[in-house]
Amino acid sequence: MAELDMKSMASAIGLSVSVLRFLLCFVATIPISLIWRIIPKTVPKHIYSALTGALLCYISFGISSNLHFLVSISIGYFSMLIYRPKCGLIAFFAAFGYLIGCHIYYMSGDAWKDGGIDATGALMVLTLKVISCAFNYQDGLLKDDDLREAQKKNRLLKMPSLIEYVGYCLCCGSHFAGPVYEIKDYLDWTEGKGLWSPTVKQPSPWGAVGRALLQAGVCMGLYLYLMPHFPLSTFTNPVYSEWGFWKKLGYQYMCGFTARWKYYFIWSISEASIIISGFGFSGWTDSSPPKAKWDRAKNVDILGVELAKSAVRIPLDWNIQVSTWLRHYVYERLVQKGKKAGFFQLLATQTISAIWHGVYPGYIFFFVQSALMIAGSRVIYRWEQGVSADVLKKTLTFVNFAYTLLVLNYSAVGFMVLSLHETLTAYGSVYYVGTIIPIIVILFGSFVKPPMPTKSKPQKKEQ
């Protein structure tokens with residue numbers, strides 16, 4: 001009877017049973033996170049985190065999901081047990097290797113496009129957690145002079161116990177869709193230390209939770225409204241080939257715009273879950289009166305993405321916690337001491353991000369395009385800072401905004417359609433404009449240097 005009810009409910013709202021089951025478990029992370037507050041500390045909290053996380057995954061994806069998670073969790077823990085000096089690198093290659101194997105076996109992108117779902121999305125988030133934990137334990141051996149600020153803050157001087165580690169991996173169902181967070185913060189939160197110590201005033205979460213849930217409702221409403229009007233199937237429909245250049249480009253923009261609201265919904269629910277547990281608290285502002293910050297729970301700044309003045313801002317406002325992870329565990333670690341990061345580090349980071357998402361050509365195209373997009377945006381930014389005329393500066397600001405809007409949504413088509421044929425067909429239909437323009441801008445920036453800024457103003461550091 002319950003299965004019949006699930007089928008009828010899923011049919012009524014246009015979802016598959018598997019997706020509906022996942023969404024119900026995903027929303028259930030909110031009351032589960034609320035109950036976490038009243039669980040006695042410390043070991044009972046770790047046990048509660050591990051058991052509830054495993055139960056939600058079992059209900060959502062079946063027993064196979066927890067077996068996959070067990071492999072990834074074991075890889076991270078045994079790497080720390082076996083060889084601490086290189087445990088981060090061991091976990092990185094082994095956990096990523098296992099994730100890639102699962103991507104190839106399940107080819108989840110095809111299922112997601114057809115309205116299905118499996119555990120590889122959750123395994124993606126879990127992979128980042130086990131790698132960061134191993135790197136933090138490895139960093140615990142290094143001297144302060146050899147560490148960046150993030151490494152000093154997150155390093156582990158002693159190995160976490162097994163129950164601490166598993167609780168961290170599965171807590172609050174955050175492995176469903178993020179956000180990714182550090183084990184050091186998780187341990188402080190569980191043990192009532194640091195920001196969560198009795199000496200620090202703890203804010204009420206209800207206002208922030210209410211805002212996150214309202215945002216989730218608006219995002220889902222917009223997505224359900226827009227989705228029927230901008231199906232991805234149109235790219236292979238003969239009618240699409242008859243459209244003019246600007247109509248095709250506009251349709252690509254609307255497809256990317258529509259798809260993003262689905263992610264905004266998912267991350268808003270995650271945000272509500274982490275905030276209501278108390279873990280999302282990240283300190284107080286310096287304003288008067290001080291306001292609580294919930295940055296640890298925040299995974300997206302919607303207006304920041306949609307109105308980005310520079311492509312450099314996109315990783316800072318979209319999938320924020322994963323972007324932070326990529327910065328700390330890939331981008332910065334590829335930079336040799338005393339040297340500056342360049343295009344190689346950016347391209348390598350975007351390539352790792354592509355592989356993390358899956359093995360489809362569309363992902364590779366999107367993230368390589370992203371590296372080009374960001375590099376081109378930096379060229380425009382340098383010119384914007386170099387010119388002195390106010391009109392020119394404002395013009396270049398608008399150019400960078402328009403450039404970001406164009407290249408982002410052009411590139412996003414590959415992320416959505418995934419297959420090589422559909423990606424190249426969509427890109428080719430607009431004459432590869434979103435690939436050619438960044439390359440031209442980068443080449444221009446290599447041969448023609450912007451003037452030196454006439455005034456020295458503190459600028460926000462770019463990625």
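Where is T42 found? Select it and you land in the loop between α2 (17-36) and α3 (43-61); helices here are DSSP runs of H or I, at least four residues, numbered from the N terminus. While you're there, look at the bond from K41 to T42: this peptide bond is cis, with omega near 5°.

A word on what you're viewing: this is a predicted model, in which local features need pLDDT of at least 70 and side-chain atom pairs count only at pLDDT 80 or more, while totals for chains, interfaces and linings use all residues. Residues are numbered from 1 along each chain as its sequence is written, and side-chain values use heavy atoms, with hydrogens and water left out.

Next, pick G178 and P179. They are joined by a cis peptide bond too, with omega about 0°, and P179 sits in the loop between α9 (162-170) and α10 (183-191). Most peptide bonds are trans, and most residues other than glycine have a negative phi.

N319 is not a glycine, yet its phi is positive, about 45°. N319 counts as buried, at 12% relative accessibility (buried is under 20% relative accessible area, exposed over 50%, partly exposed in between, using a 1.4 Å probe and protein chains only).

Now for the salt bridges: a side-chain nitrogen of Lys or Arg within 4 Å of a carboxyl oxygen of Asp or Glu. The whole structure has nine. Show K153 and D185, whose closest N and O atoms are 3.6 Å apart. This pair links distant parts of the chain, with K153 in helix α8 (residues 149-154) and D185 in helix α10, 32 residues apart. D185 is buried, at 11%.

Move along to K394 and D390, which form a salt bridge of 3.5 Å, N to O. Both lie in helix α19, four residues apart, about one turn of the helix. K394 is exposed at 56%, whereas D390 is partly exposed at 47%.

Last stop: L418, in the loop between α19 (390-417) and α20. Its phi is positive, near 75°, and L418 is buried at 3% relative accessibility. Carry on into α20 (residues 420-429) and colour E422, T423, A426, Y427 and S429, which are buried. Why are they on the same side of α20? They cover an arc of only 165° around the axis, taken from the directions from the helix axis to the C-beta atoms. After α20 comes Y431, with a positive phi near 60°.

Notes. Helices (H or I, at least four residues) and strands (E, at least two) are DSSP runs, numbered from the N terminus.
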